[in-house]
Amino acid sequence: MIPAEYAGNERRKSQRALAHIPVRIAQEDGDIVTETLNISRSGAYCQVNERVELMTKLKVQILLPSRKNQKRSKTIHCQGVVVRVEPAARNGRFDVAIFFSEIAQRDAESINDYVGSCFEQDHA
């Protein structure tokens, strides 16, 4: 699902899925509620209303569906670090990449299973 022009430059180790999953990001200035644009076992990419500084440590809560297009979900709590911040095109928001710096192995595996289910359904 990576555009061809970026395929040779891909540095990620984990497969990611394009998915809109509810996320709550807690920081010192207060909570931000948003949804992911994509997710992998090692991090998430989302759009937020306010700028979050690079290398900011965050508490992240993800409401992860058990499989793509299912209502049943699991709440995942982890720690994250902002590794990229860019102004979003046209809407005054910010695209933020979060690396999961502390996540339970079972939760990382749940995310990985979810990502895998996205690809299974896309290729079924």
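This section describes the fold, strand pairing and selected residues of a predicted model.

The model is predicted: local features require pLDDT of at least 70, side-chain atom pairs count only at pLDDT 80 or more, and totals for chains, interfaces and linings use all residues. Residues are numbered from 1 along each chain as its sequence is written, and side-chain values use heavy atoms, with hydrogens and water left out.

The protein chain holds one helix and seven strands. Helices (H or I, at least four residues) and strands (E, at least two) are DSSP runs, numbered from the N terminus. The order from the N terminus is β-β-β-β-β-β-β-α. The accessible surface of the protein chain is about 7900 Å². Carbon and sulfur atoms contribute 47% of that surface. Accessible areas come from the Shrake-Rupley method with a 1.4 Å probe; for residues, only the protein chains shown count as cover. Of the 124 residues, 38% are buried. Buried means under 20% relative accessible area, exposed means over 50%, and partly exposed lies in between (1.4 Å probe, protein chains only). Contacts (heavy atoms within 4.5 Å) were also counted by sequence separation. Among those with a separation of 6 or more, 53% link residues 24 or more positions apart.

E3 (residues 30-40) pairs with E4 (43-48) in the antiparallel sense over four bridges. A hairpin of two residues joins E3 to E4. E4 also runs antiparallel to E7 (residues 94-102), with six bridges between them. Here Gly43 has Phe99 in E7 as its bridge partner. E2 (residues 22-27) and E5 form an antiparallel pair over four bridges. In this pair, Val23 stands opposite Ile62 in E5. E5 (57-65) pairs in turn with E6 (residues 73-87), antiparallel and over nine bridges. Leu63 stands opposite Thr75 in E6.

Strand E4 is mostly covered, with six of its six residues buried. In a regular strand the side chains alternate between the two faces of the sheet. In E4 both faces are covered. Gly43, Tyr45 and Gln47 are buried on one side, and Ala44, Cys46 and Val48 are buried on the other.

Thr36 is found in E3 and has a relative accessible area of 1%, so it counts as buried. Thr36 stands opposite Cys46 in E4. Neighbours within four places in sequence aside, Thr36 contacts Ala19, His20, Ile21, Val23, Ala44, Tyr45 and Cys46. Gln47 lies in E4. Gln47 is buried because its relative accessibility is 16%. Residues up to four places away in sequence are again not counted: Gln47 touches Thr34, Glu35, Leu37, Ala88, Asn91, Arg93, Phe94 and Asp95. The side chains of Gln47 and Asn91 are joined by a polar contact of 3.0 Å. A polar contact is a pair of N or O atoms within 3.5 Å; within protein, one must be able to donate a hydrogen and the other to accept it, and residues adjacent in sequence count only if both atoms are side-chain atoms.

The loop between E4 and E5 includes Leu54 and Met55. Met55 is exposed, because its relative accessibility is 56%. Its phi is near 70°, a positive value in a residue other than glycine. Most residues other than glycine have a negative phi. Leu54, Met55, Val83 and Phe99 make a nonpolar surface patch of about 400 Å². Patches are made of residues with over 30% relative accessible area and no salt bridge; like charges are joined within 9 Å, and nonpolar side chains (Val, Leu, Ile, Met, Phe, Trp, Tyr) within 5 Å. A salt bridge is a side-chain nitrogen of Lys or Arg within 4 Å of a carboxyl oxygen of Asp or Glu.

Lys57 lies in E5. Its relative accessible area is 69%, so Lys57 counts as exposed. Beyond its neighbours within four places in sequence, Lys57 is in contact with Gly80 and Val81. The C-alpha atoms of Lys57 and Glu28 are separated by 9.3 Å, and these residues are 29 residues apart along the chain.

Methods
Two strands pair if DSSP finds at least two bridges between them.
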